[in-house]
Structures are given as structure tokens and as C-alpha cells.
Amino acid sequence: MKRLVVFFSLLVAAAFLATPSLQAQNGLATMPQAEQYLNDQAKGNLIKIIGPKNKDGGMTPEVWQYVFYDPFASNKGRYVQILQGKILLELTDRFVETDRGRLLAYKEEEVLPGGLNIDSDAALQAAIQAGNLGSFKLSGADYELVLDKKLGPIWIINLYGPFKGKEVKAATARVRATDGKVVAFKLLEENLSDQKVEPGTKR
């Protein structure tokens, strides 16, 4: 474990230097631009934010995706995508998460409460610090802001980095969006090790 942590600590400062737009395109900060395309019934009823990994590299998503609750929409959901903080890509009220296994209509109790004080950039920094990543050169991240029944609103962040010439998912963190507390951080050792664990084998 120590060897993996040391390795993982060799690579983050460079990631921030390579992404000067980190402060400019965050999930919550971009949300008002998404809301301007909504009707009054959906505004303020945010269910989740999804920030897919930037295919061009860097820690900030190129596209932010928003799901809002709308009691008058089919399946009770409105979906908006914003590209680079300014361009509307899509607006629809159909099922928007079929690729994520979403089959049921959205519910009002899924709406995120107020007090969302931690944006995606701050959540990322909290995750990195809590994980003791040191100078690990992160190559990317994906984000999801959702309501956890026990923890409240949380950012779920997957961190990616290079290992032996390929990009791997290196860690997953859960950060509260109200106060920035990291409630979970998991280093994915199986992706950072030459020794693969066979199914059913305990480590």
C-alpha cells in the first residue's frame, strides 16, 4: 500500500498548471446558464449535475449536464447540456439517463436542497488533499452531484491518471457539497498494480 501511495504521490501540481480554465467552468457556476432554458416549474429543482471526463484532457469537463425536476414534463425530468459554459446542446423531457440505468420517472424528493456551497473545483481540491496525492499527475476527472439519503448533497469524483503508459481510474472520492468534507476516498489499487486479483481471491 505504501508503494502505491508513494507512486500516486509522484504525479497533481502539473494537472492544475495544465488546466487554467479550472476556475472558469464549474458545475454550480454554470447552472444559471442551463436554467435560462427552463420553464418556471423546473427552475430551482435541480436533481443532479453530471460532468463527464474531458476527452481533450484536463480536470474540468467540457460539457456540463443538468437534470431538473419538472412536474409537468413527461417522466418529470428536464435535461440540459451546456458546452464550455455558453452553448446549449440539448433540451428534452424524455428519459435522459438510459445509459446509466435510469428507467423510472424522476421524483420531487430527489431535488437537491439549498446550501450547495462547494462547487466542483473546490470538491476536487478537497479530494486531492484528503487522498494525500502529492504531485500525482492527474490526467482527468468526472463528476456527479447527487442527493445521498444519509449524507445529503455530495460530489462523486472519479480521478484518472497515467500508469504504465495508459490512463486508468486511480481513485474515487465523495465530497459533501454543503461543507466540503470528504466523506470517502478510495484508492483503486487494483488499477495501479501489476498484480491483478482473480475473482473470488482475497487480498
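Colleague: Which helix gives the largest share of the lining of the largest cavity?

Modeller: Keep in mind that this is a predicted model. To read a lining, look at which elements supply its residues. Here helix α4, residues 120-130, gives the largest share, with 3 residues.

Colleague: How many residues line the largest cavity, and which lie nearest its centre?

Modeller: There are 11 lining residues, and Asn-26, Met-59, Thr-60, Ser-120 and Tyr-143 lie nearest the centre. The space inside is about 30 Å³. Sorted by class, the lining has 6 nonpolar, 4 polar and 1 charged residues.

Colleague: Back to the helix, then. Which residues in α4 are buried?

Modeller: Ser-120 is one of them, along with Asp-121, Ala-123, Leu-124, Ala-126, Ala-127 and Ile-128. Ser-120 is also among the residues nearest the cavity centre. Have a look just past the end of α4 too: Asn-132 takes a positive phi of about 55 degrees there.

Colleague: What does Val-146 touch, leaving out residues up to four places away in sequence?

Modeller: Val-146 touches Ile-47, Lys-48, Leu-112, Gly-152, Pro-153, Ile-154 and Ile-156. For a view across the chain, take Ile-49: Val-146 and Ile-49 are 97 residues apart along the chain, yet their C-alpha atoms are separated by 7.0 Å.

Technical notes:
Residues are numbered from 1 along each chain as its sequence is written. This is a predicted model: local features need pLDDT of at least 70, side-chain atom pairs count only at pLDDT 80 or more; totals for chains, interfaces and linings use all residues. Side-chain values use heavy atoms; hydrogens and water are left out. On a 1 Å grid over the protein atoms alone, a cavity is a set of points where a 1.4 Å probe fits but cannot get out, and a pocket is an open set with protein on both sides within 12 Å along at least five of seven lines; lining residues have an atom within 4 Å of a point. Grid points are joined across faces, edges and corners, and a volume is the space filled by probe spheres set on the points. Helices (H or I, at least four residues) and strands (E, at least two) are DSSP runs, numbered from the N terminus. Ala, Val, Leu, Ile, Met, Phe, Trp, Tyr, Cys and Pro count as nonpolar, Asp, Glu, Lys and Arg as charged, and the others, Gly among them, as polar. Buried means under 20% relative accessible area, exposed over 50%, partly exposed in between (1.4 Å probe, protein chains only). Contact means heavy atoms within 4.5 Å.
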